[in-house]
Amino acid sequence: METPGSQSSLHRANLERVVRAVRMAGSLTQAEIARTTGLSAATVSNIVRELKDGGTVEVTPTSAGGRRARSVSLSGDAGLVVGVDFGHTHLRVAIGNLAHQVLAEEAEPLDVDASAAQGLDRAQELVNRLIDGSGSDRSKIAGVGLGVPGPIDVESGTLGSTAILPGWSGTNPAEELKARLGVPVYVDNDANLGALGELVWGGGRGVKDLAYIKVASGVGAGLVINGRIYRGPGGTAGEIGHITLDESGPVCRCGNRGCLETFTAARYVLPLLEPSHGPGLTMEKVVRLAREGDPGCRRVIADVGRHIGSGVANLCNLLNPSCVVLGGDLAESGELVLGPIRESVSRYAIPSAARQLSVLPGSLGGRAEVLGALALALSEMGDSTLLDGTLTAATPAFT
């Protein structure tokens, strides 16, 4: 029995701090663990030795700053997490272990008009297929991260009204997928998961304050403040697509006029090119044509960039992030869209905020959200099972 304030409870708390730091980062040197947790180098060394003896972590030689170091990661067979990402036209699933290794990943088309039950049934089938195909032990699944393209109510976990997946409105996707898979499921919107994916796996590593902008059928932003996703009390933080640019502009799906989304989202932008390019365009194709020199596509992408830049400038003035990461198909157009974004930021943002801002394309492409779902599952799972196994396997060295 651990008494609060006792040596054993303090030791347990230190174990949890080390395991949590390694679990979220994937791998850290012992010096990085000490900086992250605030523990002394000697305490970290003792704890890492104990966790290694218990089979919870693996330690491998590495180098840091030109010096020899030891990299600490959770054991590859300590557990599994699953990421599920629902998009406007796709379903993507990934299986990973606690050492941040992706063991299997697959995507398939998804009918946007499908009901929630049909979509979740498809997700269950794909998860089972990947687990069986990778030879993974399903009993080791610690949790599932689930991404959906719509606002999630923080208290109830239900999906709010959305024109992107209309058959899902009012459902509780986490509870429904949990009933199918029999393991804890944690849900968030796709923009937040894109931000989390870039923060943990991609170009946002080491950045404390960033915004991930996703432009697809809608426009959303995942906000990272002091290294953590900021969702707001109702879960709707980051709805950058509904910043008003023109009060007399087109009517948005939210009911207002002239929202940023009505000037940048695929459903509004693609029809502009149909008279000259014909029907059946996708944003992916527009980006490809623009990179090949098509003047109409280049102009449309530049206009979209300038509008996005206006929204980013507002973010700069309010939150002063150090980095903005652009995700989705549009990011593949590179400087064709990033240049106009920077121009608008320079024009409309407070100069000091604009000077400090980096605008970058996402490094994970279409995988950002599903990797963010893996990171969500990693961040939400508890450490009790891992630590209980360690504590029974090794003799505590109180620190």
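1. Strand β9 (residues 210–215) pairs with strand β12 (residues 323–327) in the parallel sense, over five bridges. Within this pairing, Ile-213 has Leu-326 in β12 as its bridge partner. The model discussed here is a predicted one.

2. These strands belong to an open sheet of five strands, in the order β11-β10-β9-β12-β13, and the pairing in that sheet is mixed. Its edge strands are β11 (228–230) and β13 (358–361), each of which pairs on one side only. On average, neighbouring strands of this sheet are turned by 25 degrees against each other, direction ignored.

3. Which strands does helix α6 lie across? Helix α6 (residues 190–200) lies across β9, β10 (219–225), β11 and β12, and runs at about 45 degrees to β10. Helix α11 lies across β9, β10 and β12, running at about 155 degrees to β9.

4. Helix α11 covers residues 295–319 and includes Leu-318. Is Leu-318 buried or exposed? Its relative accessible area is 71%, and exposed means over 50%, so Leu-318 counts as exposed. Together with Ile-225, Tyr-230 and Leu-319, Leu-318 makes a nonpolar surface patch of about 400 Å².

5. A second sheet deserves a separate point. It is open, has three strands in the order β1-β3-β2, and its pairing is antiparallel. The edge strands here are β1 (28–29) and β2 (57–64), and each pairs on one side only. Strand β3 (residues 67–74) pairs with β2 in the antiparallel sense over eight bridges. Val-57 stands opposite Leu-74 in β3. Helix α3 (residues 41–53) packs on this sheet and touches β2 and β3; the direction of α3 makes about 135 degrees with that of β2.

6. Val-48 lies in helix α3. With a relative accessible area of 1%, Val-48 falls under the 20% limit and is therefore buried. Which residues does Val-48 touch, not counting those up to four places away in sequence? They are Gln-30, Ile-33, Val-57, Val-59, Arg-70 and Val-72. Val-48 and Glu-58 are ten residues apart in sequence, and their C-alpha atoms are 9.0 Å apart in space.

7. The next points concern charged side chains. A search of the whole structure finds 16 salt bridges. One of them joins the side chains of Arg-231 and Asp-188, at 2.5 Å from N to O. This pair links distant parts of the chain, 43 residues apart: Arg-231 is in the loop between β11 and α7 (261–264), and Asp-188 is in strand β8 (residues 185–189). Arg-231 counts as partly exposed, at 28% relative accessibility, whereas Asp-188 counts as buried, at 5%.

8. Another salt bridge is formed by the side chains of Arg-288 and Glu-292, at 3.5 Å from N to O. Arg-288 has a relative accessible area of 42% and is partly exposed. Glu-292, at 56% relative accessibility, counts as exposed.

9. The side chains of Arg-299 and Asp-303 also meet in a salt bridge, at 3.0 Å from N to O. Why are Arg-299 and Asp-303 separated by about one helical turn? Because they are four residues apart in helix α11. Arg-299 is exposed, with a relative accessible area of 53%, and Asp-303 is partly exposed, at 24% relative accessibility.

Note on methods: Residues numbered from 1 in each chain as written. Predicted model: local features only at pLDDT ≥ 70, side-chain atom pairs only at ≥ 80, totals over all residues. Heavy atoms only, no water. Pairing = 2+ DSSP bridges. Helix = DSSP H or I, 4+ residues; strand = E, 2+ residues; numbered from the N terminus. Contact = heavy atoms within 4.5 Å. Axes fitted to C-alpha atoms, helices over the stretch in contact; angles between N-to-C directions. Buried < 20%, exposed > 50% of the residue type's maximum accessible area, 1.4 Å probe, protein only. Patch = residues over 30% accessible without salt bridge, like charges linked within 9 Å, V, L, I, M, F, W, Y side chains within 5 Å. Areas by Shrake-Rupley, 256 points an atom, 1.4 Å probe, with all protein chains shown as cover. Salt bridge = Lys/Arg side-chain N within 4 Å of Asp/Glu carboxyl O.
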